[in-house]
Amino acid sequence: MDVITATVDARGQSCPGPLVSLHRALKDALRGDLLELLATDPGSRSDVPSWSRLSGNDLVETSEDAGVYRYVIRKA
Amino acid sequence: MSENTTTRDAQPAPADAEPAQTADAAALRALIDQALAERDAQGINKRNKITIVAWDGHLDRIWPSLILSTTAAASGMEVSVFFTFWGLFPLVKPERRRKTGRDWMTKALGQMNPGSTAKAKLSRYNFAGMGPWMLGKMAEDYKTPHPTELLELARDMGVHLIPCQMTMDLMGIGREDLIEGLQEPIGAATALLEMKESAIQLFI
């Protein structure tokens with residue numbers, strides 16, 4: 001079940017780019033789908049969890065590797 | 001509900017199992033409905049919505065308004081932006097900028113306000129256009145979308161971009177002067193209604 005259905009590559013984008021890209025990708029996703037967001041914007045560290053609370057989509061995983069933040073979101 | 005319906009531990013027994021409970025549940029439901037109706041009547045039933053009053057037409061005001069609008073839309077919120085007074089000029093079509101107005105006074109206003117998001121000035125450090133150019137360059141380097149791009153994005157995302165009817169009349173700006181894809185112009189009362197039902201209201 002825990003397979004990433006889509007990857008949103010928002011590396012290099014800055015506010016509000018990553019969230020807008022993520023929102024677009026979620027439109028094509030099904031409920032329960034796992035989406036992966038890759039971003040380099042340091043603002044995403046606070047913004048993705050906030051967006052998750054606002055939009056009701058679950059943020060299930062957060063990690064960082066060499067300046068790239070990775071977020072896994074489950075579509076509500 | 002049938003016997004084999006999966007129920008969680010915390011849930012009460014199926015309603016049809018216990019007639020007394022059904023009556024209790026109905027009474028409780030009525031009480032909740034009444035409380036909700038009272039809250040509605042008081043007009044404090046806020047929606048998951050943000051209304052921004054975009055009063056200022058400067059680049060450094062219209063920019064954050066559009067960042068907040070698109071982010072709110074991306075978060076599943078309803079968004080209305082009410083463009084009034086100087087805030088209306090960024091909505092003027094590029095080809096109509098500095099050409100709006102119906103008489104010498106409104107034409108002078110049209111001349112003094114650059115019009116369109118592409119030509120909006122900074123409220124400070126404008127330096128005859130050097131400031132906006134530098135900010136645009138910095139934004140490009142940091143991949144922050146320019147207001148012109150954000151405005152288009154907002155429209156695509158279903159953000160309600162609402163011009164102020166009074167400002168249009170006062171400043172001699174017609175629908176034909178404004179960009180496409182805007183909502184019908186509204187007055188102060190409708191703007192207040194938008195604000196009243198919103199969980200967040202901002203004046204920028």
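How are helix 1 of chain A and helix 2 of chain B oriented to each other? Their axes cross at roughly 30°, and angles under 35 degrees count as roughly parallel, so helix 1 of chain A and helix 2 of chain B are roughly parallel to each other. The model is predicted.

**Contact between chains A and B**

- Chain A contributes 13 residues to the contact and chain B contributes 12 residues.
- On the side of chain B that touches chain A, helix 2 (residues 59-74) of chain B supplies the largest share, with 4 residues.
- That side of chain B is made up of 6 nonpolar, 5 polar and 1 charged residues.

**Helix 1 of chain A against helix 2 of chain B**

- Two packed helices are described by the angle between their axes and the distance between the axes.
- For helix 1 (residues 17-27) of chain A and helix 2 of chain B, the axes come within 9 Å, with a crossing angle of roughly 30°.
- The crossing of helix 1 of chain A with helix 2 of chain B is left-handed.
- Helix 1 of chain A makes this contact through Leu19(A), Val20(A) and His23(A), while helix 2 of chain B makes it through Thr70(B), Thr71(B) and Ala74(B).
- Sorted by class, the contact between these two helices has 3 nonpolar and 3 polar residues and no charged residues.

**Sheet of chain B**

- Chain B has an open sheet of 4 strands in the order 3-2-1-4, with parallel pairing.
- Strand 3 (160-163) and strand 4 (198-203) of chain B are at the edges and have a single partner strand each, so one side of each is left without a neighbour in the sheet.
- From one strand to the next, the twist averages 15°.
- Helix 2 of chain B packs on this sheet and touches strand 1 (47-54) and strand 2 of chain B.
- The direction of helix 2 of chain B makes about 165° with that of strand 1 of chain B.
- Strand 2 (residues 78-83) of chain B runs parallel to strand 3 of chain B, and 4 bridges join them.
- Within this pair, Val81(B) has Leu161(B), in strand 3 of chain B, as its bridge partner.

**Strands of chain A**

- Strand 4 (residues 68-74) of chain A pairs in the antiparallel sense with strand 2 (residues 34-39) of chain A over 6 bridges.
- Opposite Leu37(A) stands Tyr71(A), in strand 4 of chain A.
- Strand 4 of chain A also pairs in the antiparallel sense with strand 3 (residues 58-65) of chain A, over 7 bridges.
- Asp58(A) has Arg74(A), in strand 4 of chain A, as its bridge partner.
- Strand 3 and strand 4 of chain A form a hairpin with 2 residues between them.
- Ala66(A), in the turn of this hairpin, has a positive phi of about 50°.
- The covered face of strand 4 of chain A holds Tyr69(A), Tyr71(A) and Ile73(A).
- The uncovered face of strand 4 of chain A holds Val68(A), Arg70(A), Val72(A) and Arg74(A).

**Make-up of chain B**

- Chain B has 7 helices and 4 strands, and from the N terminus on its elements run α-β-α-β-α-α-α-β-α-α-β.
- Of the 204 residues in chain B, 32% are buried.
- Among contacts in chain B with a separation of 6 or more, 70% are between residues 24 or more positions apart.

Notes
Residues are numbered from 1 along each chain as its sequence is written. Chains are lettered from A and ligands numbered from 1 in the order in which they are written. This is a predicted model: local features need pLDDT of at least 70, side-chain atom pairs count only at pLDDT 80 or more; totals for chains, interfaces and linings use all residues. Two residues are in contact if their C-beta atoms, placed from the backbone, lie within 7 Å. Ala, Val, Leu, Ile, Met, Phe, Trp, Tyr, Cys and Pro count as nonpolar, Asp, Glu, Lys and Arg as charged, and the others, Gly among them, as polar. Two strands pair if DSSP finds at least two bridges between them. Axes are lines fitted to C-alpha atoms, for helices over the stretch in contact, and angles run from 0 to 180 degrees between N-to-C directions. Angles under 35 degrees count as roughly parallel, over 145 as roughly antiparallel, 65 to 115 as roughly perpendicular and the rest as oblique. A crossing is left-handed if the near helix is turned anticlockwise from the far one by less than a right angle, and right-handed if clockwise. A residue is buried if 20 or more other C-beta atoms lie within 10 Å of its own, exposed if 12 or fewer, and partly exposed in between; C-beta atoms are placed from the backbone.
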